[in-house]
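Hi everyone, thanks for coming. Today I'd like to walk you through one structure, starting with the ligand and its surroundings. Have a look at it first.

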Amino acid sequence: MTQPVRVAVVGLGFVGLPLALTYAMKGANVIGIDVLPHVVEEINAAHSHHLESYQGKTLPEILKEQIEAKRFRATSSYEEAAAEVHNYIVTVGLPVHNGDPDLGPLKSCAQSLGRVLKKGDTIMIRSTVVPGTTEDVILPILEETSGLVAGVDFYLTYCSERIAEGRAFEEFIHMPLVLGGINEQSAEKGKELLSFISETDITITDIRVVETAKVIENIQRDVNIAMVQEFARFSEAFGIDTFELIKVANTHTRVNLLSPGPGVGGFCLPNALYYLQPKARELEVNLPILQLARNTNDAVPEVLIGMLEQALKKNGKTLAESRVAVLGMAMKDFSNDDRVSPVHDLIKVLMAKGVDVRSYDPAVPTVYDHKVESLDKAVNGADALILTAVQKEFAEADWAQVAEKMADAPILFDTKNRIPRDLVSKATVVRI
Ligand SMILES: NC(=O)c1ccc[n+]([C@@H]2O[C@H](COP(=O)([O-])OP(=O)(O)OC[C@H]3O[C@@H](n4cnc5c(N)ncnc54)[C@H](O)[C@@H]3O)[C@@H](O)[C@H]2O)c1
């Protein structure tokens with residue numbers, strides 16, 4: 001009988017934890033490594049705020065099952081993991097600060113891995129990276145710290161991570177994969193490792209193509225949304241419904257317009273251009289359209305606040321003297337992740353204009369001064385609300401009743417196409 005695969009997943013965040021559990025559910029012996037001791041502690045206690053689920057079970061339920069079956073545990077010690085495994089999958093991210101990707105966490109991870117690397121080990125990078133990072137940054141660190149030769153003593157491979165938060169378990173198994181290796185043997189090792197959980201096609205190609213494809217997959221969505229924002233401005237001026245316009249255009253089988261909203265959020269889409277730019281600068285390639293699209297998306301909160309100001313003015317109110325409820329902090333609908341959420345920018349601009357902001361999101365655990373614990377607390381007496389991300393509670397809300405709790409002549413600003421236009425109420429519904 002073949003032995004179950006032994007694998008360490010490095011980085012136990014939105015990608016790493018469900019990925020580790022997917023391997024465990026398929027029968028692998030998995031050890032998860034994370035630098036943050038409190039993350040390791042929480043995970044080993046079967047606690048997680050992640051909203052993923054699979055086959056009717058929530059992530060914490062799956063976590064508890066896999067810990068009890070002794071197929072999964074977490075640690076902060078690379079040494080502890082190295083005593084048990086020959087395969088490592090890296091899901092440590094590259095944060096972006098002021099448009100510059102920070103390779104620090106990934107480099108530090110490569111150093112830690114290099115120190116425990118053994119002959120015959122396989123390392124697979126799944127983080128989204130600046131194209132060229134696997135061969136130009138990670139490989140030299142691994143060789144230097146381990147004293148081993150890449151492609152001969154150990155195998156190094158890159159497979160882009162394409163899951164969407166909320167569908168992680170399903171997509172680890174069913175999303176088509178692209179993989180590159182620093183040599184043929186590395187790619188083969190990588191394919192073997194992926195095949196343990198993946199049931200789809202695995203395309204093997206040049207490692208730089210895989211790294212770059214991941215980044216442009218995200219950028220094309222950023223650009224698509226920027227384009228849709230321009231269409232939305234046109235629709236407003238023309239007096240037609242943007243969402244209806246997009247729905248109708250998308251009936252064409254070769255058109256796939258995304259939805260407008262309060263901007264573009266999350267760890268992936270807004271950061272994507274900043275991963276491509278350093279390489280483009282090095283290669284002296286200009287990317288003006290991509291930068292323009294990014295700027296357009298960054299400016300959306302300002303544009304929406306301008307629209308809100310106009311709507312309030314029509315009702316005889318000023319923005320600065322208004323109380324505004326912001327409903328939904330998450331970077332996308334039905335998510336609990338508010339990293340790089342455009343809603344933060346929206347709130348920042350509102351507050352800078354003197355607005356009394358009360359935000360509410362039943363799924364996001366992060367605490368903020370402006371965040372309140374219930375929909376009622378957010379909307380009671382508010383002059384306006386802005387629906388910025390959909391959560392179950394908002395999807396089921398009776399908006400006419402919500403409007404009743406607000407101040408006189410309230411504005412319901414819907415960036416999500418969820419508030420009925422024919423609301424039987426004294427409220428004004430504004431759509432993006
Ligand atoms: N979140 C998504 O939906 C998604 C989708 C596709 C691709 N990605 C990519 O996957 C990668 C991971 O994203 P994420 O959302 O899971 O990030 P995350 O921030 O949720 O998780 C990363 C984890 O790595 C840990 N870490 C940092 N440095 C470490 C080190 N040196 N050693 C061990 N652990 C370390 C952090 O403590 C954190 O828990 C990123 O490159 C991201 O761009 C994310």
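Let's begin with helix 5, residues 104–116: this helix gives three residues to the shell around the ligand, the largest share. Please keep in mind that we are looking at a predicted model.

How many residues surround the ligand? There are 26, and the closest are Val15, Asp34, Tyr78, Thr128 and Glu165. If you sort the shell by class, you get 14 nonpolar residues, seven polar ones and five charged ones.

Now for some individual atoms. Phe14 has a polar backbone atom 3.1 Å from an oxygen atom of the ligand. Pro105 also uses its backbone: a polar atom there is 3.4 Å from a nitrogen atom of the ligand. With Arg339, look at the side chain instead, where an N or O atom lies 2.9 Å from a ligand oxygen. On its own, the ligand has 830 Å² of accessible area, and the protein covers 90% of that.

Let's step back to the whole chain. It is divided into domain 1, residues 6–205, and domain 2, residues 221–431. Between the two, the contact takes 18 residues from domain 1 and 17 residues from domain 2. The area buried there is about 1,300 Å², and carbon and sulfur atoms give 63% of it. Taken over C-alpha atoms, the centres of the two domains are 34 Å apart.

Terms used
Residues are numbered from 1 along each chain as its sequence is written. This is a predicted model: local features need pLDDT of at least 70, side-chain atom pairs count only at pLDDT 80 or more; totals for chains, interfaces and linings use all residues. Side-chain values use heavy atoms; hydrogens and water are left out. A residue is near a molecule or strand if one of its heavy atoms lies within 4 Å of it. A polar contact is a pair of N or O atoms within 3.5 Å; within protein, one must be able to donate a hydrogen and the other to accept it, and residues adjacent in sequence count only if both atoms are side-chain atoms. Accessible areas come from the Shrake-Rupley method with a 1.4 Å probe; for residues, only the protein chains shown count as cover. Helices (H or I, at least four residues) and strands (E, at least two) are DSSP runs, numbered from the N terminus. Ala, Val, Leu, Ile, Met, Phe, Trp, Tyr, Cys and Pro count as nonpolar, Asp, Glu, Lys and Arg as charged, and the others, Gly among them, as polar. Domain bounds come from an automatic or database domain assignment. Contact means heavy atoms within 4.5 Å. Buried area is the accessible area (1.4 Å probe) that two parts lose on being put together, summed over both.
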